Amino acid sequence: MLLPFVYLLARALEGDSASLSEIVFRERNFLLLRNTLALTAGVLIMTTLIALPLAWLVVRSDLRFKKFHSIMGVLPLAVPGYVMAYALIGMSGYYGFATHFFGIRLPRPEGWSGSVLALSLYTFPYLFLNLRASLLGLDPSLEESARSLGRTPWQTFFAVVVPHLVPALLSGWLVIGLYVLGDFGVIALMRYEVFSYAIYTQYSGAFDRVYAAWLSLMLMAVTLSFIMIEARLRGRRYVRTGKGTARPAAPVSLGRARPLVWLFLTCVYVASIGLPLMVLSYWIWRAGPLVDPREVLTAFYRTTLVAVPAAVAAIVLAVPVVYLTVRYPSRASSALDRLVYLGYAVPPLAFALSMAFFALRAAPWLYQTATLLIFAYVMTFLALAVGPVRSRLLQIGPRYEEVSRSLGHGHFASFMLTTLPLLRTSMLSGSLLVFIMIVKELPITFLLAPIGYSTLATTVFSRTSEGMMAEAAPHALMIVLFSSLFVGLILRHEGNK
Amino acid sequence: MRALKLLAGCVALALAFPAASQAEELTIYSGRGEALIGPIIKQFEADTGIKANVRYAGTSELATLLQEEGDQSPADVFWAQDGGALGAISELFADLPAEMNEGIAEAFRNVNNKWVPTSGRSRVLVYSKERVKEDDLPASINDLTDEKYRGKVAWAPTNGSFQAFVTAYRVAHGDEATKAWLEGMIANDTKVYKNNGSQIEGIANGEIDFGLVNNYYLGRYLVTDKDYPVAMTHFASGDVGNLLNVAGAGIVSASDNQETARKFLDYLLSPAAQQYITLQGNEYPVIPGLIVNTTLESFATIQDISPRIDIDQISDLEGTLALLREVGLL
């Protein structure tokens, strides 16, 4: 985790101080900083407005087809950012649906509002998955107590449920916030200038690693402050204190609100999944099917071959990290926790370069092998796996393990027998997040993959890089379908809790 | 081997790669997309029996990676999307034999023999067929600061080709004049876009009337839709707005496979490969005597109208970026 940081420092220190202060203390940087913060705030609010009601409805209401809604709530993650941005822009304009099918020209979504909308529509599942895992583990007896003490359902929700969702909200927000900080695809298409814009320009325009390293470090400083704030806000007790096994919560009847709920769900699904699929289909229809099925199958197979081991490794590493920070809070364990997020916060291009830098010096035989690629994925995306697991472990509490140990089992055996089975749902959520991210990840993949190893994401890139959006569409569609397949499979086997 | 891979999964896969066969092989880092050049690579393999391993990625990302790899680079050839990247890392390239450049049209040649151009492109002005009359087309790129064009023009300051053009402007007219032009354009409410394609789409969508792009993008829209409402033109002869630039390839000096790498560059300069590039990519061939794509102006015209600026002279990207930062575009 520290490697990229060391690398960036090493590169940054190569700069000469005069031109450096010019770069670091430019007025424009403050404008970029302000825009970055405004964008992040907007996306966090918007995603919460989508994910919180959705998660509650899926877990607690008498809504039908819950499995379907769970899947629909996760699928938008599979949509590549540029596709989402194009989907929104594609509504308006010369070739837009609105023009084509209804004969009206809508204003083009752009700037702050366009970026917030596009980013929110495919990042809200991070929050949804975290909240869902947390709600599933919440003991309804707490709410029943509040209700029996005369609180209305709304008061109960805000006084009892929401505070217990804080860890899930925070880890979801953190992941989304960090994602927004690093995103380049959407903001460039929406013409909104933030920090990642400046970093990208340095690398791409100047082929310059020194100033780009400085900018990356500045971005990481912003990131670190996010991480610190999140840690400050955490740190209360969320452990279930009731005795015996928690009953599943009695589903709340939606009653007369049912049509409204369906309207809300339809809007969310149409915007987050419907629009991108429509845009992709439209491109395919315009260009005709130009896909070589063998190529797609190879890419499919190769994507799985790196994404699955990485997702599994990430969750295997995430559990001990979370366990240490939750059960044995200390300065060292919380530092470990922060480090996990550091990997996620490094701009991916800088991360890939640092991996090249260290692999070539320390282990040249590993350079550009699948092993190094998987390692890089795990280091980058470990933070995604940590969130859901932590929210769940905070609820479980140490009592089961203590009982198990009092019955003569060792520490490890007790954990395996009691806590691990309870963590299963959240581990699935965590590995799913990692998996979906890897399937669409680009800079790390194309720089560090074994040579000639083309995944679904790189096949899309090799078309968009020549401006062939329509030719790229079938492959982008494959990414969405491929990820959906896994989401569906995993949620199917999740079992009803 | 295959069964092993399946059994031991990815670790075995990782180990299997370095242990590949002994046949003649070539490792290429390509900033050009597979969709365009994949067929050329396949044809090269079929014609020569050499196995080509290609890493497709962004030109700038690969240029940065090559710098990071230094003399440990596994790459033999770097094929870049634009001349700026080639210039920026030319110290990593091996010298090429002078005769390699001989068949190449003079306007495209690299005088230092560090790399060869593989295709040429020119900067053009694209405009709306619906809203712009012939008489309103500017004669010079300097005219775009005129009140008449206020809020109607787009550019892409983060785009490599645009930055190469700004560098050329500096070479032709000096830094002061360049700064004045940039500030004039900003004062005239010129709209910032991400890249070439989004400017063309912006014109079709009615957001803007003019865009400053490379010549080969519009053809991709016209192929699927003859009535696409965007047209392109060039400025008056010799105007820096008509700058010629190249995509090109060089041989990495760290490569111990120089002989094979040279065969590949020779192949790229062969009439067959060049003809393919101009027909499929809407770009100019770098050797004379071929049929130029019909959506393009003739080879003679392009050489006639382009400003007299050596591509090697437009390598000072640092200075251009500093200038773009100074006026607040980056």
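Trainee: Leaving aside neighbours within four places in sequence, which residues is Val166(B) in contact with?
Mentor: Thr178(B), Thr320(B) and Leu324(B). Keep in mind that this is a predicted model.

Trainee: Where does Val166(B) sit?
Mentor: Val166(B) is in helix H5 of chain B, residues 160-173.

Trainee: Buried or exposed, and why does Val166(B) count that way?
Mentor: Buried, because Val166(B) has 24 C-beta neighbours inside 10 Å. The cut-off for buried is 20 or more.

Trainee: How many Å separate the C-alpha atoms of Val166(B) and Ala35(B)?
Mentor: 29 Å. Along the chain the two are 131 residues apart.

Trainee: What does Ile287(B) touch, not counting residues up to four places away?
Mentor: Gly103(B), Ile104(B) and Ala105(B) are among its contacts. Ile287(B) also touches Leu269(B), Pro271(B) and Gln274(B). As for Phe299(B), it is 12 residues from Ile287(B) in sequence and 10 Å away in space, C-alpha to C-alpha.

Trainee: Now strands. Which way do the side chains of E8 in chain B point?
Mentor: They alternate along residues 230-233. Val230(B) and Met232(B) point to one face and are buried.

Trainee: What sense does E8(B) pair in with strand E4 of chain B?
Mentor: Antiparallel, over 4 bridges. E4(B) covers residues 115-128. Met232(B) in E8(B) is the bridge partner of Val126(B).

Trainee: What about helix H8 of chain B, which residues are buried there?
Mentor: Tyr217(B), Leu218(B), Arg220(B) and Tyr221(B), in a helix that runs over residues 217-224. Seen down the axis of H8(B), the buried residues fall within an arc of 160 degrees, so they line one face.

Trainee: What covers the buried residues of H8(B)?
Mentor: The cover includes E4, helix H7 (196-204), strand E7 (210-214) and E8 of chain B.

Trainee: Zoom out. How many helices and strands in chain B?
Mentor: 12 helices and 9 strands. Chain B has 330 residues, and 50% count as buried. The C-alpha trace spans about 70 × 45 × 40 Å along its principal axes. A compact globule with 330 residues would have a radius of gyration near 20 Å, and chain B agrees with 21 Å.

Trainee: And chain A, how many helices and strands?
Mentor: 22 helices and 0 strands. Of its 497 residues, 52% count as buried.

Trainee: Why is helix H5 of chain A largely enclosed?
Mentor: Because 9 of the 9 residues of H5(A), residues 81-89, are buried. Tyr82(A), Met84(A) and Tyr86(A) are among them.

Trainee: Last topic. How many residues are in the largest nonpolar core?
Mentor: 249. Phe381(A), Val434(A) and Val77(B) have the most contacts inside it. Helix H17 of chain A, residues 370-396, gives the most to this core, with 17 residues.

Trainee: Leaving aside neighbours within four places, which residues is Val434(A) in contact with?
Mentor: Ala310(A), Ala311(A), Ala314(A), Phe381(A), Leu384(A) and Ala385(A).

How values were computed: Residues numbered from 1 in each chain as written. Chains lettered and ligands numbered in written order. Predicted model: local features only at pLDDT ≥ 70, side-chain atom pairs only at ≥ 80, totals over all residues. Contact = placed C-beta atoms within 7 Å. Buried ≥ 20, exposed ≤ 12 C-beta atoms within 10 Å, placed from the backbone. Helix = DSSP H or I, 4+ residues; strand = E, 2+ residues; numbered from the N terminus. Pairing = 2+ DSSP bridges. Core = buried A, V, L, I, M, F, W, Y, C linked by C-beta atoms within 7 Å. Arc of directions from axis to C-beta. Rg over C-alpha atoms; globule rule 2.2 N^0.38 Å.
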